[in-house]
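Please read the points below alongside the sequence and the model.

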Amino acid sequence: MSFPIVRHRRLRQSTGIRNMVRETHLTVDDFIQPIYVTYGENVKSEIKSMPGVFRFSLDRLQEEVREIAELGIPAVLLFGIPETKDSVGSSGFAEDGIVQEATKLIKSWYPELLVVADTCLCEFTDHGHCGMVHTVEVDGHICGDVLNDESLDLLVKTAVSQAKAGADIIAPSNMMDGFVQAIRAGLDENGFSHIPIMSYAVKYASAFYGPFREAADSTPQFGDRKSYQMDPANAREALREAETDVMEGADMLMVKPSLSYLDVMRTIKDQFDLPLVAYNVSGEYAMVKAAAIQGWIDEKKVAMEILLSMKRAGADMIITYYGKDASRWLAEK
């Protein structure tokens with residue numbers, strides 16, 4: 001018998017065959033579209049480092065939500081930029097806070113559209129960290145540390161206020177130790193035992209968050225977040241983080257960012273029998289957009305390949321700024 005005996009190309013020779021044997025499929029049901037809501041009136045301001053992504057005031061929000069709903073995207077992730085900030089992020093858990101008001105509006109317009117509430121304090125604190133801080137002045141510079149246990153109470157208040165406003169899923173992104181258990185207990189005690197927790201279980205201290213800091217106005221005013229977000233060099237630590245959140249009652253696990261951590265995503269997927277969420281973060285979106293604007297890449301092909309890689313690595317859901325575009329591209333087939 002002549003060689004080669006096995007001809008793999010037989011299953012690649014036509015579009016029809018390739019479609020039939022394709023192992024991984026993207027659908028609009030995979031996407032969660034982030035939205036930034038801000039104070040003021042008649043605001044629709046493009047985020048400079050994220051072309052095509054905007055901040056919306058509440059009176060302009062419906063146009064964005066309508067487009068998302070009409071595309072068939074099942075969920076949105078809400079981030080809020082408040083008018084005022086303080087040391088404890090009190091506008092983050094106020095009943096009339098920006099995220100709470102946006103949630104009420106979205107659920108009144110589109111009851112079936114899932115609202116995922118980002119549960120963190122960095123957008124609402126004047127120091128830009130994800131919890132309460134203790135600060136000292138050293139040689140004229142402000143230094144400090146984020147207080148873990150004291151921050152949990154504020155995060156619980158934030159999660160409960162978001163659930164009261166109508167959020168369907170609570171997504172804590174703060175990376176405080178014990179945050180899932182604290183929020184689960186707080187939700188249950190306040191009559192929200194049915195609300196799932198989408199835990200940012202594995203969140204790295206990544207440079208890919210740069211554009212988000214502009215979008216959410218949440219740059220730390222001192223230091224960085226390396227004392228509570230994970231070291232990008234560590235993979236085994238991700239298993240410990242995820243295992244803790246599973247034991248504390250998480251309903252879904254997230255890896256953030258995703259593109260540079262596909263190996264971690266695959267490991268988490270293989271180890272834990274919970275839905276896995278990929279976060280295609282702001283820097284990943286921005287670098288594709290920038291290269292596309294320069295004409296260096298085919299934006300559609302590159303963006304879809306990136307999203308497909310996340311699905312192939314095990315993601316059941318993908319938070320992505322490409323949600324709307326990807327939904328349109330899938331509909332073109």
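With which residue does lysine 104 form a salt bridge?

1. Lysine 104 pairs with glutamate 101, and their closest N and O atoms are 3.1 Å apart. A salt bridge here is a side-chain nitrogen of Lys or Arg within 4 Å of a carboxyl oxygen of Asp or Glu. The two residues lie in helix H3 (residues 98-109), three residues apart, about one turn of the helix. Helices (H or I, at least four residues) and strands (E, at least two) are DSSP runs, numbered from the N terminus.

2. The model is predicted: local features need pLDDT of at least 70 and side-chain atom pairs count only at pLDDT 80 or more, while totals for chains, interfaces and linings use all residues. Residues are numbered from 1 along each chain as its sequence is written, and side-chain values use heavy atoms, with hydrogens and water left out.

3. On exposure, the terms are buried (under 20% relative accessible area), exposed (over 50%) and partly exposed (in between), with a 1.4 Å probe and protein chains only. Lysine 104 counts as partly exposed because its relative accessibility is 38%. Glutamate 101 is also partly exposed, at 25%.

4. Lysine 107 lies in H3 and aspartate 168 in the loop between helix H4 (148-165) and strand E8 (169-172), so the bridge ties together parts 61 residues apart in sequence. Lysine 107 is buried, at 18% relative accessible area, whereas aspartate 168 is partly exposed, at 21%.

5. Some salt bridges share partners, and these join Glu64, Glu67, Lys324, Asp325 and Arg328 into one network. The structure holds 15 salt bridges.

6. One of these is formed by the side chains of lysine 311 and aspartate 30 (3.1 Å, N to O). This pair links distant parts of the chain, 281 residues apart: lysine 311 is in helix H10 (residues 299-312), and aspartate 30 is in the loop between helix H1 (15-21) and strand E1 (31-38). Both lysine 311 and aspartate 30 are buried.

7. Phe3, Ile5 and Val6 form a nonpolar surface patch, with about 340 Å² of accessible area together. Patches are made of residues with over 30% relative accessible area and no salt bridge; like charges are joined within 9 Å, and nonpolar side chains (Val, Leu, Ile, Met, Phe, Trp, Tyr) within 5 Å. Accessible areas come from the Shrake-Rupley method with a 1.4 Å probe; for residues, only the protein chains shown count as cover. Phenylalanine 3 lies in the segment before H1 and counts as exposed, at 67% relative accessibility.
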